[in-house]
Amino acid sequence: MTSYKELGLVNTVELFRKAVKGGYAIPAYNFNNMEQLQAIIQACVETKSPVILQVSAGARKYANQTMLRYMAQGAVEYSKELGYPIPIVLHLDHGDSFELCKSCIETGFSSVMIDGSHLPYDENVALTKKVVDFAHSQKDYVSVEGELGVLAGVEDDVAAEKSHYTQPSEVQDFVKKTGVDSLAISIGTSHGRTKFKPEQCTRTKDGILIPPPLRFDILEEIEKRLPGFPIVLHGSSSVPIEYVKIIEQYGGKLSDSVGIPEEQLRKAAKSAVCKINIDSDGRLAMTAMIRKVFSEKPDEFDPRKYLGPARDELKKLYAHKNQDVLGSAGQA
Ligand code: G3H
Ligand code: 13P
Ligand code: ZN
């Protein structure tokens, strides 16, 4: 049993309290490898932003839970070495069972998500409460994120055909019965790089998809029922067209890509939304740079020569998010 405090990590409670009060959102970036983690830490130290490092079930399978845990510990030390220790949370993304959440808590995670959003309401409540009871009874309080409403989209272990918006009428009861520290909601975002079907969008004259707006009316209704309570937005990549274009210029095919426009995320970050999850944009930035190097330098075969530029681009992307979208820069 390792407590996250021994690793120098923090839970989300204080970070969310300040974020809701200050009208900004904490970035929650997924990582699976060293380059992604280095980029996240470099960007967050440089912009003086707190950060939530997210590990999905897919990441655990890919990189191994022990490796990821020590990497997060390394990230804490790295931020000190860079001269500005920032608050770092190690969070399980989309935990799907009590056992998985327990295992993460026992190996040093400071926060977990239990995602029972696909279950019937009462089962979601029971599963979430079981995780909360365990997490909150640890010597060092571990924070828990629950979810109500279903996001559409397909990622390794996160799949749903259709989205179902969160019903504001359920949120108070869910929070009261489960004791969660934050609540992920569904207001139109979804996972991956195709967040809306083309028929849900309009197109510019250059053929670029313009998505429909998020359901801010539902968010406002939820805020009224849970004043000051930390709300989480998943599926919040913007799917920058510049990266899609580079990927396609160098041989990729990413048709019908569309994300959440930055101005809508800026608006959300000023509300009770205090955690914004971003994974796909990092994948696009890395892929764009790697494809570019492969295409421009066909004789290159040193991984540092393509992972290095990918890491630099990732760092730029994360710093931009912190500074210009989420408002978390300067809050560490
Ligand atoms: O919400 C899903 C995250 O983007 C993680 O994706 O399950 O492919 O690691 P993954
Ligand atoms: P994106 O696919 O929009 O990056 O969402 C990531 C996410 O929600 C991780 O939980
Ligand atoms: Zn998610």
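**Ligands, loops and cysteines**

Mentor: Start with ligand 2: one of its oxygen atoms is 2.7 Å from an N or O atom in the side chain of D93. A polar contact here is a pair of N or O atoms within 3.5 Å; within protein, one must be able to donate a hydrogen and the other to accept it, and residues adjacent in sequence count only if both atoms are side-chain atoms. The model is predicted, so local features need pLDDT of at least 70 and side-chain atom pairs count only at pLDDT 80 or more, while totals for chains, interfaces and linings use all residues. Residues are numbered from 1 along each chain as its sequence is written, chains are lettered from A and ligands numbered from 1 in the order in which they are written, and side-chain values use heavy atoms, with hydrogens and water left out.

Trainee: OK. How far is an oxygen atom of ligand 2 from a polar backbone atom of G192?

Mentor: That distance is 2.8 Å. For the side chain of H191, an oxygen atom of ligand 2 is 3.1 Å from an N or O atom.

Trainee: And how much of ligand 2 does the protein cover?

Mentor: The protein covers 98% of the 310 Å² of accessible area that ligand 2 has on its own. Accessible areas come from the Shrake-Rupley method with a 1.4 Å probe; for residues, only the protein chains shown count as cover.

Trainee: Which residues are closest to ligand 2?

Mentor: D93, K195, S237, D279 and S280, out of 16 that surround ligand 2. Near means that a heavy atom of the residue lies within 4 Å. Strands β3 (88-95) and β12 (273-278) each supply at least two residues of that shell. Strands (E, at least two residues) and helices (H or I, at least four) are DSSP runs, numbered from the N terminus.

Trainee: Switching to the metal. What coordinates the zinc ion?

Mentor: H94 (NE2), H191 (NE2) and H234 (ND1) coordinate the zinc ion (ligand 3), at 2.1 Å. Donors are N, O and S atoms within 2.8 Å of the metal (3.2 Å for Na, K and Ca); water is not among the atoms, so sites may look incomplete.

Trainee: How are those donors spaced in sequence?

Mentor: H-x96-H-x42-H. H191 lies in the loop between β8 (182-185) and β9 (202-203), and H234 in the loop between β11 (231-233) and α9 (241-249), so this pair ties together parts 43 residues apart in sequence.

Trainee: Are H191 and H234 buried or exposed?

Mentor: Both H191 and H234 are buried, meaning under 20% relative accessible area, with exposed over 50% and partly exposed in between (1.4 Å probe, protein chains only).

Trainee: What about P198, where is that?

Mentor: P198 is also in the β8 to β9 loop, and is partly exposed at 28%. Leaving aside neighbours within four places in sequence, P198 is in contact (heavy atoms within 4.5 Å) with R203, L209 and D256. P198 and D256 are 58 residues apart in sequence, but 6.6 Å apart C-alpha to C-alpha.

Trainee: What is the phi of D256?

Mentor: About 60 degrees, positive although D256 is not a glycine. D256 sits in the loop between α9 and α10 (262-269). K48 also has a positive phi, near 55 degrees, and lies in the loop between α2 (34-46) and β2 (51-56).

Trainee: Last one: how many disulfides?

Mentor: The count is 0, taking a disulfide as a pair of cysteine sulfur atoms within 2.5 Å. The sulfur of C274 is 16 Å from the closest cysteine sulfur, in C44, which is too far for a bond. C274 is buried, at 0% relative accessible area.
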